[in-house]
Amino acid sequence: MKHVICILILCLVSVLGRVADIGQKDEISNVITDVKPLTQQSIINNTTVVKNDSDNTVHENLIHENNNNITKKTCGAHKDISDNLLDANHTETSSNEACEPEARVDNGTALILTPYLKEGRIREAKKAARVDAKPFLGFKSYSGFFTVNETYNSNIFFWYFPVLNKPVNSTPWIIWLQGGPGASSMTGLFDEIGPFTIVNETLKRNPYTWLHNHSLLFIDNPVGTGYSFTEHTEGYTTNMATYASHLYMTLYQFLQMFPELRTAPLYLAGESYAGKYVPAMAMEIHKRKDKLDVNLEGLIIGNAYVDPEMISHIAWPFYYFGLLEKEQIETVKPLIDSFQAEIKANRSIEAKNKWNSLITVLLFITHQKHAYNFLKDELPVGTYVKFLKTSEVKRAIHVGDINFGWVNMTVNVQLAPDFLSSTKPMFERLLEHYKVLAYCGQLDQMLPCVSTSENYRTWKWNASQEFLAATRFPYIFNNRLAGYHKTGGRLTEVVIRGAGHMVPLDQPASTQNLVARWTHDQPLSRRFGLLEGSFIQDYIRNNSIIYL
């Protein structure tokens with residue numbers, strides 16, 4: 001159990017995760033088994049309207065009709081893990097005693113919006129999805145579920161925040177997708193870019209929220225992640241084509257409820273493993289642009305896992321940062337060689353297992369708890385989970401008794417066949433039509449800036465030479481050096497000083513400013529004439545010795 005918990009933490013936002021055989025049963029999942037699929041008519045019949053002080057909320061009794069089938073919690077060593085289970089057939093093999101029967105808590109019911117949309121009840125759907133703003137510092141928002149697979153009753157959770165004090169129909173909006181795979185986008189909401197965060201177990205405003213300049217839509221992707229759930233194990237996602245399709249279906253239904261966003265510039269954003277989600281979703285939108293009326297303008301990726309080449313030399317950042325010595329590199333070389341051999345053979349599951357083992361050994365040797373920012377001993381994320389488990393919050397965001405996990409290991413395991421997939425060809429095609437912002441925290445060991453930057457330079461599109469020839473400038477924020485940026489051929493690459501894997505967490509102010517400037521077509525920082533054009537090249541060419 002300690003091993004599972006350790007790997008769960010390591011898996012937060014990177015592609016790191018404990019990989020086992022696909023058929024292995026995992027202890028944390030968002031699958032509800034042995035529940036007969038409901039017909040559309042039965043869904044409609046289970047709709048009830050509950051009035052409160054703010055607005056009418058429509059709930060649908062879908063998930064827990066068969067509450068008697070759910071195994072009671074047990075007390076003892078497994079209690080904390082069991083609280084996150086949704087498997088009706090799960091039984092404990094230990095000798096834990098049964099807990100005393102607990103009083104039934106009213107968490108409301110999960111709000112499935114798809115039936116409303118099918119019947120054209122758009123206003124009812126939007127009214128039902130309105131979130132009670134009182135528990136959330138007064139911020140206006142909407143949340144609920146969209147069905148993306150009726151056969152397995154697979155449903156995707158979303159939480160949407162309209163931009164503050166700006167017109168929604170013309171202000172850029174951002175869809176945020178967390179990495180993992182299996183990490184909830186609630187981490188992006190509470191710990192990175194959302195309007196509020198948890199400080200000392202209290203909800204506080206986030207002064208650096210991206211909501212000041214963008215509407216924000218957070219999606220728990222793939223199915224099973226965060227609040228998203230399925231009734232069958234077959235409902236989990238195992239490949240890129242499936243999660244791309246699910247994301248498209250989610251957006252299609254979302255825009256039916258919020259058509260005012262169709263004209264606003266749309267940016268798809270995410271970090272880490274979302275280097276696959278973001279371009280995959282963008283390609284689905286691009287391929288179906290005649291059917292989906294939406295103004296896609298660009299993509300934003302942070303410390304993104306795009307191509308296996310980016311992680312093939314994972315040990316070298318540890319060495320270059322001074323965390324490993326040369327002799328230690330030689331010690332782990334057999335693991336490195338074995339991992340690289342699996343990449344070359346395109347064996348995804350085996351490669352992920354060996355990559356995971358390699359990361360674990362590297363962290364052990366360097367006495368680190370994580371590899372997301374080598375200057376930080378602790379990773380301050382996930383403190384919001386306790387807040388989400390309160391009944392007031394569950395009722396407000398319409399999740400009912402759906403279990404929540406900030407990282408879902410079952411999702412992570414099921415997507416192992418996708419581990420070595422590459423979205424490099426997608427970016428090469430998308431750059432012909434849309435702009436891309438690729439930012440990177442310089443202190444990240446998982447997907448270091450050197451590795452990602454070298455990969456970008458192998459991309460081939462109609463303006464790739466323009467990007468290679470472009471000048472790199474300092475990124476100045478609040479009169480100090482905050483990083484470096486380079487733009488050419490629709491691609492903007494930025495390195496952020498003092499940040500690790502989760503850039504908005506480590507450097508929230510400079511990142512907020514960067515993204516807002518980029519989405520609003522503003523210069524990222526003041527220009528430096530001496531660095532422009534061929535001045536430096538000419539100076540070096542004409543002077544054999546440079547005195548600084």
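Which side chain does a polar contact of 2.9 Å join to that of T366? Select T366 and Q368: their side chains are the pair (a polar contact is a pair of N or O atoms within 3.5 Å; within protein, one must be able to donate a hydrogen and the other to accept it, and residues adjacent in sequence count only if both atoms are side-chain atoms).

Before moving on, know that this is a predicted model, where local features need pLDDT of at least 70, side-chain atom pairs count only at pLDDT 80 or more, and totals for chains, interfaces and linings use all residues. Residues are numbered from 1 along each chain as its sequence is written, and side-chain values use heavy atoms, with hydrogens and water left out.

Stay on T366. You'll find it in the loop between α11 (348-365) and α12 (385-388); helices are DSSP runs of H or I, at least four residues, numbered from the N terminus. T366 counts as buried because its relative accessibility is 12%, and buried means under 20% relative accessible area (1.4 Å probe, protein chains only). Now show F318, L323 and L324: T366 is in contact with them, leaving aside neighbours within four places in sequence. Contact means heavy atoms within 4.5 Å.

Next, pick helix α10, residues 326-344. At V332, shortly before the proline P334, there's a kink of about 50°, the bend being the angle between axes fitted to the seven residues ending there and the seven starting there. V332 is also one of the buried residues of α10, along with I329, I336, F339, E342 and I343. Colour α9 (315-320) and α11 too, as they are among what covers those buried residues. After α10 comes N346, with a positive phi near 60°.

How values were computed
Helix = DSSP H or I, 4+ residues; strand = E, 2+ residues; numbered from the N terminus. Buried < 20%, exposed > 50% of the residue type's maximum accessible area, 1.4 Å probe, protein only.
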